Amino acid sequence: MSATQIQPNADRHGSGFTRLVTVESAAGGADGFPSSISPERGRRLCEELERGCILLFLRTPFAFTPEDREFLLTQKQTSAGYHKNIAYRPAEDRLTGLDKSLAAEAGRFRSILRNYSDSAARFITALLSPYANRFRQDLASYRPLEERGRASRLHARNDLLHVDAFPTRPTNGDRILRVFTNLNPTRNRVWLTSETFDVLAPRLARAAGLPRPRSNRAAARTLRAVLRALHWPGATRSPYDDFMHRFHNSLKEDREFQLNCAKHRWEFPPDSTWIVYTDMVSHAAIEGQFAMEQTFLVSRSAMVLPEKSPIAILETLCGYPVSNPA
Ligand SMILES: [Fe+2]
């Protein structure tokens, strides 16, 4: 499917729904990166993302050698034990989720994922200037499994609409920005989206259980500081993080929402890359195999439309702060 087939759908979708914004090729720099993006254009692209749009690049800006593509596409066929996403932790230069049968290939996987992760960070810096030096480079992943019909426990299902929240990596209100690349040479990767968080939350957040106000009493503050100093599990999780995890789960559990909400279907062609705030855009991956992904945690303070952030929407609903103090 071409962008010209996708794009007209976007015009039908009013505020509160995700639109697809096809970014014209601005190639010129290394790896097909934009050679010069003006600060004004970077700011406009940030605004589109923060309104809940998906930025689509019909040709990925990231370089993969033919040998690396071949390697990634054929591993599944040579190992019956190839079950999970393969994750890469940039801060530790370490892989997780690699099947034991592929241990001999760990170096090759790590090298490919490291390149993708670093390229994506450079790309975001060049493209989205308001976010430069304002993000953390979180995990990258390679997703070799077919999404259609993939068996998972309910809260782990990718084919149910949800907004993202990481139970083990709290953001305290910082944003989850994700970069995806469809490496499948012949098939689209297919998503559904529904309304964005600013529309969903006023309707559905109370059912998930709004965050309670944090106690500001001295004893409570001291206890939190001690637990953080002890690296107690969950001690750094804010009321915002707890809520977003509950909301993620409650959307997947909500059969009425899953069946009857308005949905839009997006098809990402082979070799395309797209960027989206997945903590705001309700999304489900329903078809596709062989994708790369890099997650960035963008500082809440870097937003050009801070009032659109999930934490701002939630604090308006609650009437009190839901983040942890700095
Ligand atoms: Fe997701």
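# Exercises on a predicted model

Thr181 stands opposite Met292 in β11. The model is predicted; local features need pLDDT of at least 70, side-chain atom pairs count only at pLDDT 80 or more, and totals for chains, interfaces and linings use all residues. Residues are numbered from 1 along each chain as its sequence is written.

**Exercise 1. Which strands do the bridges join when β6 meets β11, and how do they run?**

Step 1. Helices (H or I, at least four residues) and strands (E, at least two) are DSSP runs, numbered from the N terminus. Two strands pair if DSSP finds at least two bridges between them.

Step 2. Take β6, residues 175-182, and β11, residues 291-298. Eight bridges join these strands, and they run antiparallel.

Step 3. The order is β1-β2-β9-β6-β11-β5-β3-β4, an open sheet of eight strands with mixed pairing. At its edges are β1 (20-22) and β4 (94-96), each pairing on one side only. From one strand to the next, the twist averages 20°.

Step 4. α4 (residues 106-127) lies across β3 (86-89), β4, β5 (135-143), β6 and β11. Its direction is about 135° to β5. Such angles run from 0 to 180 degrees between N-to-C directions; axes are lines fitted to C-alpha atoms, for helices over the stretch in contact.

**Exercise 2. Why is one side of β8 and of β10 left without a neighbour in the sheet?**

Step 1. Read the order: β8-β7-β10, three strands in an open sheet with antiparallel pairing.

Step 2. β8 (264-268) and β10 (281-287) stand at the edges with a single partner strand each, so one side of each has no neighbour in the sheet. The twist here averages 30° from one strand to the next.

Step 3. Look at β7 (residues 189-196). Five bridges join β7 to β10. Thr193 stands opposite His283 in β10.

**Exercise 3. How do α5 and α7 cross, and which residues meet?**

Step 1. The axes of α5 and α7 come within 9 Å and cross at roughly 100°.

Step 2. Angles under 35 degrees count as roughly parallel, over 145 as roughly antiparallel, 65 to 115 as roughly perpendicular and the rest as oblique. α5 and α7 are therefore roughly perpendicular to each other.

Step 3. Ala205, Ala207 and Ala208 in α5 meet Phe243, Arg246, Phe247 and Ser250 in α7. A contact needs C-beta atoms, placed from the backbone, within 7 Å.

**Exercise 4. Which residues of α9 are buried, and what covers them?**

Step 1. A residue is buried if 20 or more other C-beta atoms lie within 10 Å of its own, exposed if 12 or fewer, and partly exposed in between; C-beta atoms are placed from the backbone.

Step 2. In α9 (residues 310-318), the buried residues are Pro310, Ile311, Ile313 and Leu314. Seen down the axis, they fall within an arc of 160°, so they line one face of α9. The arc is that of the directions from the helix axis to the C-beta atoms.

Step 3. The cover includes α5 (197-208) and α7 (239-253).

**Exercise 5. Asp93 and Phe290: buried or exposed?**

Step 1. Asp93 sits in the loop between β3 and β4. With 11 C-beta neighbours inside 10 Å, Asp93 counts as exposed.

Step 2. Phe290 sits in the loop between β10 and β11. With 22 C-beta neighbours inside 10 Å, Phe290 counts as buried.

Step 3. Check phi. Asp93 has a positive value near 50°, and Phe290 has a positive value near 80°.

How values were computed. Contact = placed C-beta atoms within 7 Å.
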